[in-house]
Amino acid sequence: MKKTVVSLVISVLILAALILWALEGGVSNDIREILMMAGVVLLVGFGLFIGIGRARSLRRKEPPEDEMSKNVMNRAASLSYYISLYMWLLVLLLSDRINMPVNSLIGSGILGMAVIFLFCWIGVRVFVMKHD
């Protein structure tokens, strides 16, 4: 129950902070900033999806994390770890050619790792688990 409430509250707080930042901070039309905001919105949506799924399971008196969801999470984490290693290697190779400050480059890499995990989770859930 705690994980469900925490994931929902954090997702809502991040979404509210993003909306306040966009309204008060004056979002520029820079492509980097738009991609960062899109990535954050995508990940907040994923967090809400997971939190709502756990809340539904709790309401039906089911365990919030069953064996299949743990297996999907484990496979997706494993796959995304290896893909993220190659992504960081690519960032390392291209860092001389990219005109970004180091802190923005690291932030983009962390966001990229989260998006890679999201797509790996979707891929494992849709394609791999149907065949097992």
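Four residues of helix α1 are listed as buried in this predicted model: Thr4, Ser7, Ser11 and Leu18. Part of what covers the buried residues of α1 is helix α2, residues 31-59. As for the helix itself, α1 checks out against simple geometry: at 1.5 Å a residue, its 24 residues should span 34 Å, and the end C-alpha atoms sit 33 Å apart, which agrees.

Let's zoom in on Thr4, which sits in α1 (residues 2-25). Leaving out residues up to four places away in sequence, Thr4 touches Gly51, Arg54, Ala55 and Leu58. Then there's Arg56: 52 residues away from Thr4 in sequence, yet 9.9 Å away in space, C-alpha to C-alpha.

Now for the rings. The structure has four aromatic pairs, and here are two of them:

| Pair | Centre to centre | Angle between planes | Geometry |
|---|---|---|---|
| Phe46 and Trp121 | 5.0 Å | 70° | edge-to-face |
| Tyr81 and Tyr82 | 5.5 Å | 70° | edge-to-face |

What does the pair of Phe46 and Trp121 tie together? Phe46 belongs to helix α2 and Trp121 to helix α4 (residues 102-131), so this pair links parts that are 75 residues apart in sequence. Phe46 and Trp121 are both buried. They also belong to one aromatic cluster, together with Phe49 and Phe117.

Conventions:
Residues are numbered from 1 along each chain as its sequence is written. This is a predicted model: local features need pLDDT of at least 70, side-chain atom pairs count only at pLDDT 80 or more; totals for chains, interfaces and linings use all residues. Side-chain values use heavy atoms; hydrogens and water are left out. Helices (H or I, at least four residues) and strands (E, at least two) are DSSP runs, numbered from the N terminus. Contact means heavy atoms within 4.5 Å. The expected span of a helix is 1.5 Å times one less than its number of residues. Buried means under 20% relative accessible area, exposed over 50%, partly exposed in between (1.4 Å probe, protein chains only). Rings of Phe, Tyr and Trp (its six-membered ring) pair if their centres lie within 6.5 Å; planes under 30 degrees apart count as stacked, over 60 as edge-to-face and the rest as tilted.
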